Amino acid sequence: MVTVINLQNLYNYGARKFALIGLGQIGCSPSELAQNSPDGRTCVARINNANQIFNNKLKSLVNQFNGNTPDSKFIYINAYGIFEDMINNAARYGFTVTNAGCCGVGRNNGQITCLPLQTLCQNRNQHVFWDAFHPSEATNVVIGRRSYSAQSAYDAYPFDIRRLAQTTL
């Protein structure tokens, strides 16, 4: 977990450009859906609310460091919002399965994570999740692209990684 001390140490060692990436919707993972969702589709609000508290504090940390270290640039990537958009608009991204892992055992393929020699799903690019906990490669590609070049003003704050890379200090 990122702490102010870790960021300060990196800054002290010469790092000047930072992208702080927020938490995604952990309450929508197959593991949480299998264990805590009444219908296996409804995300677990208490977990996602905790994620939002963390993300809001991380975003305020960006403001704090940008104000206190004028020779550096910090940005925040809203993985939560990007992830939320992928779940709510799955078809736009080519996803057909938003609530189950491609690999796993039990309800939502989320009760036991992927086991050795287990048969994988045939349509892995259509799954938001790879296993009980982790986003699929297709999901990570979307998050990476939107982190680098924001599609929405909500994807990154105060700007995306592409602008961070172009910024001169």
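**Close-up views of the disulfides, pockets and a helix residue**

**View A. The disulfide of Cys28 and Cys43 is right-handed, with 115 degrees about the S-S bond.** Cys28 lies in the loop between β1 (17–21) and α2 (30–36), while Cys43 belongs to the loop between α2 and α3, so the bond ties together parts of the protein that are 15 residues apart in sequence. The model shown here, as in every view, is predicted. The two sulfur atoms of Cys28 and Cys43 stand 2.0 Å from each other. Cys43, with a relative accessible area of 28%, is partly exposed, because the buried class is limited to values under 20% and the exposed class to values over 50%.

**View B. A left-handed disulfide joins Cys102 and Cys121.** In this pair the sulfur atoms are 1.9 Å apart. The handedness follows from the torsion about the S-S bond, which is about -95 degrees. Cys102 is found in the loop between β3 (97–101) and β4 (104–105), and Cys121 in the loop between β5 (112–113) and β6 (127–129), so the bond ties together parts 19 residues apart in sequence. Both Cys102 and Cys121 are buried.

**View C. Cys103 and Cys114 are linked by a disulfide.** A distance of 1.7 Å separates their sulfur atoms. The torsion about the S-S bond is about 70 degrees, and the disulfide is therefore right-handed. Cys103 comes from the loop between β3 and β4 and Cys114 from the loop between β5 and β6, so the pair ties together parts that are 11 residues apart in sequence. Cys103 has a relative accessible area of 0% and is buried, whereas Cys114, at 26% relative accessibility, is partly exposed.

**View D. The protein has 3 disulfides in total.** When the bonded cysteines are numbered in sequence order, they pair as 1-2, 3-6 and 4-5.

View E. By class, the lining of the largest pocket consists of 8 nonpolar and 5 polar residues, with no charged residue.

**View F. The second largest pocket has a volume of about 180 Å³.** Its lining includes the asparagines Asn55, Asn56 and Asn78 and the tyrosines Tyr76, Tyr80, Tyr154 and Tyr157. Gln52, Lys59, Gly81, Ala153 and Ala156 also line this pocket. At least two lining residues come from each of α3 (45–68), α4 and β7 (156–157). Helix α3 makes the greatest contribution, with 4 residues. The lining of the second largest pocket contains 6 nonpolar residues, 5 polar residues and 1 charged residue.

**View G. Ser31 is placed in helix α2.** The relative accessible area of Ser31 is 3%, and this residue is therefore buried. Leaving aside residues up to four places away in sequence, Ser31 touches Gly110, Ala132 and Phe133.

**View H. The whole protein, for orientation, comprises 6 helices and 7 strands.** In sequence order the elements follow the pattern α-β-α-α-β-α-β-β-β-β-α-β-α. Taken along the principal axes, the C-alpha atoms fill a box of roughly 50 × 30 × 25 Å. The protein has 169 residues, and 43% of them count as buried. Among contacts between residues at least 6 apart in sequence, 63% join residues at least 24 apart. The accessible surface of the protein amounts to about 9300 Å², of which carbon and sulfur atoms account for 53%.

Notes:
Residues numbered from 1 in each chain as written. Predicted model: local features only at pLDDT ≥ 70, side-chain atom pairs only at ≥ 80, totals over all residues. Heavy atoms only, no water. Nonpolar A, V, L, I, M, F, W, Y, C, P; charged D, E, K, R; others polar. 1 Å grid on protein atoms, 1.4 Å probe; cavity = no way out; pocket = protein on both sides within 12 Å on 5 of 7 lines; lining within 4 Å. Points joined across faces, edges and corners; volume = space filled by probe spheres on them. Disulfide = S-S within 2.5 Å. Buried < 20%, exposed > 50% of the residue type's maximum accessible area, 1.4 Å probe, protein only. Contact = heavy atoms within 4.5 Å. Areas by Shrake-Rupley, 256 points an atom, 1.4 Å probe, with all protein chains shown as cover.
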